[in-house]
Amino acid sequence: MKRVIHLILIIIICFSCMACSKANDANNDANNYSNNEIAPQESQMKTICELATMDCYYHNVAKYSEDDASGVLWWKKDRKFWIEYAGIVTIGIDVTLVKMSVSGENVTIIIPPAKVLGCKVDEKTLTEDSFIVAKDSAKVEAKHQIEAFKQAQAKMQEEASKDAVLLASAQQRAQKLLEDYINNIGNYIGKNYHIEWIYLEGAKELYNISTQASE
C-alpha cells in the first residue's frame, strides 16, 4: 500500500512540474510577443516627423505694379497697391522618405533634409488697414490682389528655402524626437538601441549646421 501511495505522489509531482514549465513558457511567449509589439515602428516614426514640423511667421508685403493699366493716350493710369500681412511657412521633412530598419539593438534611420512644406496667409492679419492703394491708381480688382498674393507667397517660400539655419533647426527637431522615441522604447523593454543615421542628399549639411550652432 505504501508503494502505491509513493507512486501516486511521484505522478502528481511530475504533472505539477510539467504545468509550471508550460506556464513559464507561456509567460516567456507573452513577454516576447509584448516586446515585439512595442518595438520601433516606421509608421510611428513618420507620425512623429509630421508632428515635428515648424510653423514660422514672416511679415510679408504683396506688391502690385502695372503701368498704363487703364485710360487712353496720355490719360492712362498705372495700377499700384500694397498688401501687408503675416505669412506662415511650414518647415519639416518629407515623411514619405523616412525609412527605418531594426537588427537586434541596431536601428538604422534614413532621413531626408528639411524643406519648406508649404506657406499660407495668416488671415487674422488681413484687415482694411492691410490694403494700401497708391493715389490716382487704376481700379484694383480681385484678380489683381490674387496675382499680388501669388507673387508674394512665392518670394516668401524662396526666402525660407534659403534659410539654412532655420532648415537645420527643423531637421534637428525631427531627429531629436525620433531619437527620444527609440530610446524610450529601449528603456521600456530593456534594450540599449544604437541609432545609425543615413542622410539623404542635403541632410548631412543641415546636420552639420545644427551641430555647429549648438556648440
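Reader: How confident is the predictor in the chain, on average?
Author: This is a predicted model, and the chain averages a pLDDT of 83, with 80% of the residues scoring at least 70.

Reader: Which elements have the lowest and the highest mean pLDDT?
Author: The lowest mean among the elements of the chain, 43, belongs to helix α1 (residues 2-37), whereas the highest, 97, belongs to strand β7 (residues 194-199). Over residues 1-35 the pLDDT is below 50, and this stretch has 1 contact in the model beyond near neighbours in sequence.

Reader: Let's turn to the strands, then. What is the order in the open sheet of 3 strands?
Author: The order is β3-β4-β7, and the pairing is mixed. Because β3 (99-103) and β7 each have a single partner strand, they stand at the edges, and one side of each is left without a neighbour in the sheet. On average, and with direction ignored, neighbouring strands of this sheet are turned by 15° against each other.

Reader: How many bridges join β3 to β4?
Author: There are 5 bridges between β3 and strand β4 (residues 106-111), and the two strands run antiparallel. As one example, Ser101 has Thr108 in β4 as its bridge partner.

Reader: And which strands does β2 pair with?
Author: Among them is strand β1 (residues 54-70), which is joined to β2 (residues 77-92) by 14 bridges and runs antiparallel to it. Strand β5 (residues 115-121) also pairs with β2 in the antiparallel sense, over 6 bridges, and strand β6 (residues 131-133) is joined to β2 by 3 bridges, again antiparallel.

Reader: What stands opposite Val89 on those strands?
Author: Val89 of β2 stands opposite Cys56, and Val89 also stands opposite Cys119 in β5. For the pairing with β6, Trp82 has Ile132 as its bridge partner.

Reader: Switching to helices, at what angle do α4 and α5 cross?
Author: The axes of helix α4 (residues 164-189) and helix α5 (residues 203-214) cross at roughly 95° and come within 8 Å, which means that α4 is roughly perpendicular to α5. Residues that make the contact include Leu167 and Gln171 of α4, together with Leu206 and Tyr207 of α5. The residues of this contact divide into 8 nonpolar, 4 polar and no charged.

Reader: Is Ala213 buried or exposed?
Author: Ala213, which lies in helix α5, counts as exposed because its relative accessibility is 60%, and the cut-off for exposed is over 50%.

Key: Residues numbered from 1 in each chain as written. Predicted model: local features only at pLDDT ≥ 70, side-chain atom pairs only at ≥ 80, totals over all residues. Heavy atoms only, no water. pLDDT = per-residue confidence, 0-100. Helix = DSSP H or I, 4+ residues; strand = E, 2+ residues; numbered from the N terminus. Contact = heavy atoms within 4.5 Å. Axes fitted to C-alpha atoms, helices over the stretch in contact; angles between N-to-C directions. Parallel < 35°, antiparallel > 145°, perpendicular 65-115°, else oblique. Nonpolar A, V, L, I, M, F, W, Y, C, P; charged D, E, K, R; others polar. Pairing = 2+ DSSP bridges. Buried < 20%, exposed > 50% of the residue type's maximum accessible area, 1.4 Å probe, protein only.
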